[in-house]
Amino acid sequence: MQKLAEILDIFAREIFDSRGNPTVAAWVTVRSAGGNVVTGTASVPSGASTGKYEAVELRDGDERRLFGRGCLKAVGNVNGLIAKELCGHDAADQRTIDRLLRELDGTPNKSKLGANAMLAVSLACADAAAKALGMPLWRYLGGVQAKRTFPKPMLNVINGGAHAGNNLDVQEFMIVPVGAQTFWNAMDHAVTVYHNLKRILAERGLSTAVGDEGGFAPNFRRDEDALSVICDAIEASGLKPGSDVAIALDVAASEWAGEDGNYHLPKAKKVYTPQQLIRRYRYLASLYPIISIEDGAGEDDATMWETLTQRMGRSTMLVGDDLFVTNAERLQRGIETGIANAVLVKPNQAGTLTETLETIALAQRNNYRVILSHRSGETADTFISDLACAVNADYIKSGAPCRAERTEKYNRLKAIYND
Ligand code: PGA
Ligand code: ZN
C-alpha cells in the first residue's frame, strides 16, 4: 500500500521545560504520497505531583549533571533504537507506529525507552502525517467527528500544593467560564477575572507572584480564603459566581495520603480521615460554586473514592488524574467499581497517542467526562489543544492565562475555533 507519510528521519534533542528541567523534543521527517518532504515535531511536558502509576519518564540519574534529571538517554533512544525501527514506516499509520514503539520497549511501564522518548516520537509522527496530508492537526486526529463541540477551559488562577512555595495545600483553584457562549467569550471572561484577582490580591497586601502554572501563589490564612477571593474577583468582573464562572479544584490528594489511611496536609499540618475530608468537600461545595473536584482521594484509596462518588458524584464532577493516569485498564476498573465520573487525560502519563485515544474512547463510551490537561512543567507544544478539539473533550486545563507555555495552548484553541 502506498505510504501517506513515509518516515525518512527521526531526530530528538534535549530541551528545557517551563521549570528549567530537561525534557525531550522530537522531529519526524516524512515524504508525502505526492513527494513533499515535511517535518512534524512534538515535545513532552513533565509533572511535579506525578501519579505513581504513570508511564516512566526516563531520566539520566547522573547527579553530576542537572541533578540527575538529564534526558540524554531518552534522546539517545530516539536517535538510535527508535529511529532505526521506525524509518521506512508510515507515520500516518499511528497504531502501527505505537505498537512498534511498545514492542521495542517491551516493558509494562515504558521504562526501557522512556515514555518521554516514546511520546515525543508518537506525537511528532501524528504532526508529520497531518502536514503530509495538508490538514490541520485537529482535523487529522479527529476526522469528520472533530470539533462537534468545543472544550471549555479550566484556568488554574491560584496555585498551591506541589506547584508553589506558599501555604496552600490544595494544588489548583481553577475558574471555569461556564456561562460564555463562545470559546473567545469564555477566555475574555477568564482573563478579566484573572486581572481583577490580581488587583484584589494586591489591594489586600497579598503576593501576586505566580506559581508553576501561572496562577497566583499568595499565602492565605486558610485554603477557603482562596475560594472567597476568587468569587470576589468574579463579581468585580461583572459576572456571577456559579452561572457565569464556576470553580474547579484539583486537591491532588495522593500527595496527602498517609500510610495510616488518613490524609496529612503537609502545609497546614492537619490530618483528616477520609470521612472528614469528604465532609470538608461537601461543606466547601455548599458555600462556593465548585463544579469539579480532581483527585479528591488518593490513587490507592478505592474505598474513599467509592464513598466520595456516592456522596458527591451526582452533583459534582469527580476527576481521576493520579487515579487513572490516562490508562485504559485503570479507567476500566474504575468504571466497573463506579468511582469518579471524569478522567483527566495527559498524553505523557500514557506514553503513546494510541493509548491516549483508547482511554478517551473508553471514557466517552461510559459517559465519563474527558478533560485534556497540560502538566505543571510545560513546553511550547500545543498538541493537547488540537487533541481536545479532535476528540470533543468536555474541558481542557492549561493553567492560568499567564506565561507563554500556558497561553499558547489557549491561543491555539482560539485559532482552531476560527479554523
Ligand atoms: P502535575 O500537576 O503536572 O504536576 O502532575 C497537574 C495535575 O495534577 O493535574
Ligand atoms: Zn491533577
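The largest cavity holds about 120 Å³. A cavity here is a set of points on a 1 Å grid over the protein atoms alone where a 1.4 Å probe fits but cannot get out, and its volume is the space filled by probe spheres set on the points, which are joined across faces, edges and corners. Of its 13 lining residues (those with an atom within 4 Å of a point), Ser43, Pro45, Glu378, Asp381 and Ile384 lie nearest the centre.

In the second largest cavity there is about 70 Å³ of space. Its lining has 15 residues, with His163, Gln171, Glu172, Glu213 and Lys346 nearest the centre.

## How the model is treated

This is a predicted model, where local features need pLDDT of at least 70, side-chain atom pairs count only at pLDDT 80 or more, and totals for chains, interfaces and linings use all residues. Residues are numbered from 1 along each chain as its sequence is written, chains are lettered from A and ligands numbered from 1 in the order in which they are written, and side-chain values use heavy atoms, leaving out hydrogens and water.

## Open spaces

Now to the pockets, meaning open sets with protein on both sides within 12 Å along at least five of seven lines. The largest pocket has a volume of about 420 Å³. Among its 20 lining residues, Pro108, Asn327, Ala328, Glu329 and Glu355 are closest to the centre.

The second largest pocket comes to about 280 Å³. Asp223, Leu265, Lys270, Tyr272 and Arg280 lie nearest its centre, out of 20 lining residues.
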